[in-house]
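Subject: Structure for your review

Dear colleague,

Please find below the structure that I am handing over to you. My findings follow directly after it.

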Amino acid sequence: VAASRREIEMLYRERYLPFRRALASFTGSYESAHDVVQEAFARALAQRRRFRGDAPLAAWVWRIAVRVALDERAEARRAAAVDTSAVGLVEPAHDPELAEALLKLPPRRRLIFFLRYFADLTYEEIAAACGISVGTVAAALAQARPAVAETLGEEVMR
Amino acid sequence: MTADERTGAARPRNASELLPGLRDRLLALDEPVAWDNWDDVVGRAGRARPRRRRVAGVGGFAAVAAALVVVAGPAFGLLPPIIDFGGATHAPAPVQQQFSDFDRAAPPELAPGAIASETRLITSTRLSDGDHTLYVSPTRDGGFCEEWTGAFGGCDQLGTTPLGVTWGGTAIGGSVAAAYVSSVKILFTDGTSAEPTITWLSAPINAGFFLYEAPSGKTPAQVDGFEANGKRVASQPLLGQPFDTFAPPPFAVTDKAKIAAAVSTPDGTATAYLAPSMTAGTCAWVQLDGTFASLYGRNGCLPHGYSPEGLAYRFIHIRNSVLFVGAAASRYARLELRLPDGATASLEPATGGVFLYSLPAASSRTLGQATITAYGADGRVISTNSLSDAS
């Protein structure tokens with residue numbers, strides 16, 4: 001059940017922006033995130049016969065992208081351990097309050113929030129990408145959404 | 001790319017789920033315009049991390065050919081010469097690094113286990129866009145990974161896939177397992193065909209590789225693999241549909257089919273079958289009232305040694321019946337299907353991981369709200385999928 005070149009190209013054309021947006025949140029810039037997206041899709045394209053269709057294609061490519069981003073970070077910082085949950089607004093000056101509200105989320109929940117609302121992944125894709133159940137994704141988002149909104153002063157009905 | 005051009009605002013699709021205040025702030029974040037460049041992706045795919053690890057220069061075709069030791073291959077009968085893999089030149093270090101990256105780049109469960117230090121330089125082929133060099137490495141499980149530089153690459157972890165094909169534009173690349181396939185034919189949409197030259201490798205690879213460029217004006221439609229006696233035993237459509245839904249998978253040995261599961265439906269009994277494939281693999285399909293559906297991927301069969309990975313399922317509507325069918329990896333001991341009206345069904349995958357369940361006809365209107373929970377043998381939940389989320 002290898003992915004076809006056409007499927008990967010369609011995914012690229014559909015998801016380039018959300019992937020770059022989400023990856024920028026932990027590479028630190030849109031330029032470096034662009035490079036990661038390009039490299040990740042290139043690797044996916046070169047290795048597409050290894051995709052066996054037991055997870056969404058977007059999740060498979062996303063995990064490759066995370067691996068590429070980790071490599072970039074490790075090389076840039078010469079740091080062996082990198083926390084993939086350390087995501088935040090790439091340009092916090094655009095909305096410091098929002099940036100701070102997002103940083104108040106626990107790291108894992110924050111990552112899921114970014115995957116949902118920056119990378120535009122479906123629940124199933126997030127579950128496959130993070131190795132967790134869809135129910136866990138749903139629960140994390142159900143908690144994260146009102147938490148961020150409340151931090152920003154928005155009235156939340158419970 | 002320039003960092004000064006801005007989209008004005010990001011447009012994440014899922015932001016509509018957020019409370020209005022948070023949603024508006026998220027949507028107000030601007031970002032640079034898209035710098036998407038598919039040609040750059042394709043170019044990178046043909047290189048190994050190009051900015052850091054430039055593949056060492058490769059000699060011309062004559063030099064490559066001179067480095068190869070060609071041996072007679074009794075196992076291959078009268079087939080063309082076979083290249084002695086062990087006698088082929090070791091790939092340069094950057095290429096070996098690229099093959100070791102196969103494991104690093106992929107999710108762990110999909111890592112093919114290439115033995116990168118044993119990667120060999122095999123041959124070169126010239127297409128209209130330039131020369132492409134074939135590198136091949138064995139895998140720890142008896143298969144291989146291959147890479148045509150600047151074109152295609154991939155792995156067959158077990159080396160049992162009779163015919164594996166990748167393609168893009170007019171170029172078609174692929175591999176065949178020598179145990180099952182002796183020749184390959186590429187069919188074009190105009191009804192003509194071509195036989196690409198196959199480069200055969202000895203043990204431990206025991207496979208053939210090809211890279212072919214369709215002539216101008218020809219559109220490849222399908223690739224077929226044949227045994228030495230001319231019998232077609234594998235096929236991959238490049239343009240069309242999965243196997244005919246009015247017949248079992250085309251390469252299943254149907255007279256050896258066994259019933260894996262059966263359920264009553266308003267249209268009679270629906271039956272899930274397992275059968276060997278013509279190439280020692282396993283085929284699985286479900287049949288109801290003259291309609292057939294694959295349970296194992298697009299062509300209905302898995303290569304020898306491969307088993308279902310993950311959980312694949314679908315709902316099939318046939319006349320007055322709705323079937324919930326699929327195949328699950330062995331770690332899935334039980335599935336629970338929960339319908340919006342509260343009704344639940346518990347299923348245990350049968351032999352081959354296949355499962356089959358007949359839904360009440362009335363439930364078909366609300367399948368978009370169904371939930372599927374998978375449990376392991378220890379009773380713990382492995383995954384929960386809400387169909388409305390999976391859309």
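In this predicted model, B:Arg23 and B:Asp24 form a salt bridge, in which the closest N and O atoms are 3.3 Å apart. Side chains of opposite charge can pair when their charged atoms come close. B:Arg23 has a relative accessibility of 27% and therefore counts as partly exposed. B:Asp24 is likewise partly exposed, because its relative accessible area is 43%.

A second salt bridge links the side chains of B:Glu118 and B:Arg120, with 2.5 Å from N to O. Are these two residues buried or partly exposed? B:Glu118 has a relative accessible area of 29% and is partly exposed, whereas B:Arg120, at 6%, is buried. The cut-off for buried is under 20% relative accessible area.

B:Glu336 counts as buried because its relative accessibility is 16%, while B:Arg338 is partly exposed at 40%. Elsewhere, salt bridges with shared partners connect A:Asp95, A:Glu97 and B:Arg25 into one network. Over all chains, the structure holds 14 salt bridges.

I turn next to a pair of helices in chain A. Two packed helices are described by the angle between their axes and the distance between the axes. Helix α1 (residues 5–27) and helix α2 (residues 30–46) of chain A have axes that come within 8 Å and cross at roughly 145 degrees. The crossing of α1(A) and α2(A) is right-handed. Among the residues that make the contact are A:Ile8, A:Leu11, A:Tyr12 and A:Phe19 of α1(A), together with A:Val36, A:Val37 and A:Phe41 of α2(A). What kinds of residue make up the contact of α1(A) with α2(A)? The contact residues comprise 14 nonpolar, four polar and three charged.

The last topic is a sheet in chain B. Four strands of chain B form this open sheet, in the order β11-β10-β14-β15, with antiparallel pairing. Which strands of chain B are the edge strands? They are β11 (193–194) and β15 (232–237), each of which pairs on one side only. Within the sheet, strand β10 (residues 183–188) of chain B runs antiparallel to strand β14 (residues 220–226) of chain B, and six bridges join the two. One bridge can be followed on the model: B:Ile186 has B:Val223 in β14(B) as its bridge partner.

Yours sincerely,

A colleague

Methods. Residues are numbered from 1 along each chain as its sequence is written. Chains are lettered from A and ligands numbered from 1 in the order in which they are written. This is a predicted model: local features need pLDDT of at least 70, side-chain atom pairs count only at pLDDT 80 or more; totals for chains, interfaces and linings use all residues. Side-chain values use heavy atoms; hydrogens and water are left out. Axes are lines fitted to C-alpha atoms, for helices over the stretch in contact, and angles run from 0 to 180 degrees between N-to-C directions. A crossing is left-handed if the near helix is turned anticlockwise from the far one by less than a right angle, and right-handed if clockwise. Contact means heavy atoms within 4.5 Å. Ala, Val, Leu, Ile, Met, Phe, Trp, Tyr, Cys and Pro count as nonpolar, Asp, Glu, Lys and Arg as charged, and the others, Gly among them, as polar. Two strands pair if DSSP finds at least two bridges between them. A salt bridge is a side-chain nitrogen of Lys or Arg within 4 Å of a carboxyl oxygen of Asp or Glu. Buried means under 20% relative accessible area, exposed over 50%, partly exposed in between (1.4 Å probe, protein chains only).
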